[in-house]
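Here are a few notes to read with the model open beside you. Take them one at a time and find each residue as you go.

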Amino acid sequence: MFFMSDCVFCKIVSGEIPSPRVYEDDEVIAINDLSPIAPIHVLIIPKKHTENIVTAPVELVAHVKKILPEVTKKLGIAEKGFRLIVNTGAEGGQTVPHLHFHILGGKELGWPKL
């Protein structure tokens, strides 16, 4: 596993920073966001450090797509709907340079004006 010593998500994955898992397998973990913007706000974080969606292996992105039905069903939002967000780079709103996927749900979500 490749970790970056100053990366907060690498520290969560390694257990250095404790965080209860909503989901876990060999490639990713899912945790509740510490600053949720919806009733359900979960982050899917790859265990292996990769900076963003552009640098991520295609297989990793495919794996997230594969587990998404299971995770959203477990969260109780698979049927009603949810939003999946991947921020990339500073102008894209990425605040932690470790790829992560936001799952938002639990209410009707509006569309932000940019």
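This is a predicted model: local features need pLDDT of at least 70, side-chain atom pairs count only at pLDDT 80 or more; totals for chains, interfaces and linings use all residues.

1. Residues are numbered from 1 along each chain as its sequence is written, and side-chain values use heavy atoms, with hydrogens and water left out.

2. His102 counts as buried because its relative accessibility is 12%, and buried means under 20% relative accessible area with a 1.4 Å probe, protein chains only.

3. Now look at what the His102 side chain touches. It makes a polar contact with the side chain of His41 at 2.8 Å, and another, of 3.4 Å, with the side chain of His100. (A polar contact is a pair of N or O atoms within 3.5 Å; within protein, one must be able to donate a hydrogen and the other to accept it, and residues adjacent in sequence count only if both atoms are side-chain atoms.)

4. Leaving aside neighbours within four places in sequence, His102 is in contact (heavy atoms within 4.5 Å) with several residues, among them Asp33, Val42, Arg83 and Asn87.

5. On to the cysteines: the structure has zero disulfides (pairs of cysteine sulfur atoms within 2.5 Å). Why aren't Cys10 and Cys7 bonded? Their sulfurs are 3.7 Å apart, too far for a bond.

6. Both cysteines are buried: Cys7 has a relative accessible area of 7%, and Cys10 has 2%.

How values were computed:
Buried means under 20% relative accessible area, exposed over 50%, partly exposed in between (1.4 Å probe, protein chains only).
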